[in-house]
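Subject: Structure handover

Hello,

Here is the structure I promised to pass on. My notes follow below it.

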2 protein chains.
Amino acid sequence: MKYSKQREMIIRTLDGNTSHPTADAVYEELRKELPNISLGTVYRNLKQLAEQGEIRSLNGLDGKTHYDYNVEQHYHFICRKCNKVYDVSKTVAQNIKTEVFGQTGLEVEDCDIILKGLCRNCQKQQ
Amino acid sequence: MKYSKQREMIIRTLDGNTSHPTADAVYEELRKELPNISLGTVYRNLKQLAEQGEIRSLNGLDGKTHYDYNVEQHYHFICRKCNKVYDVSKTVAQNIKTEVFGQTGLEVEDCDIILKGLCRNCQKQQ
DNA sequence: TACAATAATAGTAATCATTACTAGATTTTA
DNA sequence: TAAAATCTAGTAATGATTACTATTATTGTA
């Protein structure tokens, strides 16, 4: 992989961003600094970085793919009212791989848990 | 909701089908009996039925939305080799709602668990 | 049974997220 | 510094899904 300024900025945009942005959100953010950056470049780099395990892609939240700089195993909660995405510690389903293998013989390599409901803020406003 | 033959056939196609088909797969299946059925009709009905809780829609498996006649809480495993979707009992993450609420205060209304890996058949052939 | 009101359908066009393509620009290697 | 390799911007294409519309089917009622 060859260096490019665009890729570096894409990674920097994700790092320190806890909002789990989509490709389009990263693009809009980057345009402020790099007005000529192409949406295709953002999509291509995010996809590649995820394939190499440098970042993590999240599906099933809504229609779109979201990206996460945090590649540690953890799960996600999306609020049905404000659509904000929260991280959830993997301790809530600690032994899922061994449990599934024990019960079914299916060999789990990857696990996504997607939780939906009301976040604390939106609970209050109810 | 008014009766229609098309909707009845869509439900019947899902019932007794354990393969978690996409809208397009249901359409292809139905065309054998109802050659003039429209793809849009299949999409519209599956979406409505899922909104009413009569069937369940599954996202995050691959790019497409899959449908499941089984609305009982349970989870899914997709084989990365043969792409077959398997049901997994909810007992593997029994108390996830209360655990998440206890740890984070997030009020979980719905939980999807998507597991990826190798099914038993594909393990053997390895 | 007939009739109007309502909702569904087939078929096609439109939309949205994402990927593919291409000529030209950058980075790397020797 | 020049050739080889990879990247980018910009645009076109793709694929899943939804919207639209004229027509048809279902349903409640006289």
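Start at B:Gly16, which takes a positive phi of about 80° just after helix H1 of chain B. Helices (H or I, at least four residues) and strands (E, at least two) are DSSP runs, numbered from the N terminus.

Some ground rules. This is a predicted model, where local features need pLDDT of at least 70 and side-chain atom pairs count only at pLDDT 80 or more, while totals for chains, interfaces and linings use all residues. Residues are numbered from 1 along each chain as its sequence is written, chains are lettered from A and ligands numbered from 1 in the order in which they are written, and side-chain values use heavy atoms, with hydrogens and water left out.

H1(B) spans residues 5-14. Its buried residues are B:Arg7, B:Met9, B:Ile10, B:Thr13 and B:Leu14. They fall within an arc of 165° seen down the helix axis, so they line one face of H1(B). The arc is taken from the directions from the helix axis to the C-beta atoms. Buried means under 20% relative accessible area, exposed over 50%, and partly exposed in between (1.4 Å probe, protein chains only). The face turned away from the buried side carries the exposed residues B:Lys5 and B:Arg12. What covers the buried residues of H1(B) includes helix H2 (23-31), helix H3 (39-51) and strand S2 (66-68) of chain B.

H2(B) has its own buried set: B:Ala23, B:Val26, B:Tyr27 and B:Leu30. These cover an arc of only 100° around the axis, which puts them on the same side of H2(B). An α-helix has 3.6 residues a turn, so residues three or four places apart point the same way. The buried residues of H2(B) pack against H1, H3 and S2 of chain B.

**The two chains together**

A rotation of 180° with 0.0 Å of shift along its axis superposes chain B on chain A, with an RMSD of 0.0 Å. That is the relation of a two-fold axis.

In the interface, 33 residues of chain B are in contact (heavy atoms within 4.5 Å) with 33 residues of chain A. Of the interface residues of chain B, 100% are also interface residues in chain A, so the copies meet through the same surface.

The area buried between the chains is about 2,700 Å², and carbon and sulfur atoms give 56% of it. In chain B, B:Val92, B:Leu106 and B:Lys116 lose the most area to chain A, together 20% of what that side buries. Buried area is the accessible area (1.4 Å probe) that two parts lose on being put together, summed over both.

There are two salt bridges between chain B and chain A. A salt bridge is a side-chain nitrogen of Lys or Arg within 4 Å of a carboxyl oxygen of Asp or Glu. B:Arg80 forms one with A:Glu109, the closest N and O atoms being 2.7 Å apart. S4 (85-89), H4 (96-104), S5 (107-118) and H5 (120-124) of chain B each supply at least two residues of the side that touches chain A. The largest share, twelve residues, comes from S5(B).

**One loop residue**

B:Gly105 is found in the loop between H4 and S5 of chain B. B:Gly105 is buried, at a relative accessible area of 10%. Not counting residues up to four places away in sequence, B:Gly105 touches A:Arg120, A:Gln123 and B:Val100.

Best wishes

Methods: Copies are superposed by least squares on the C-alpha atoms of residues with pLDDT of at least 70 in both.
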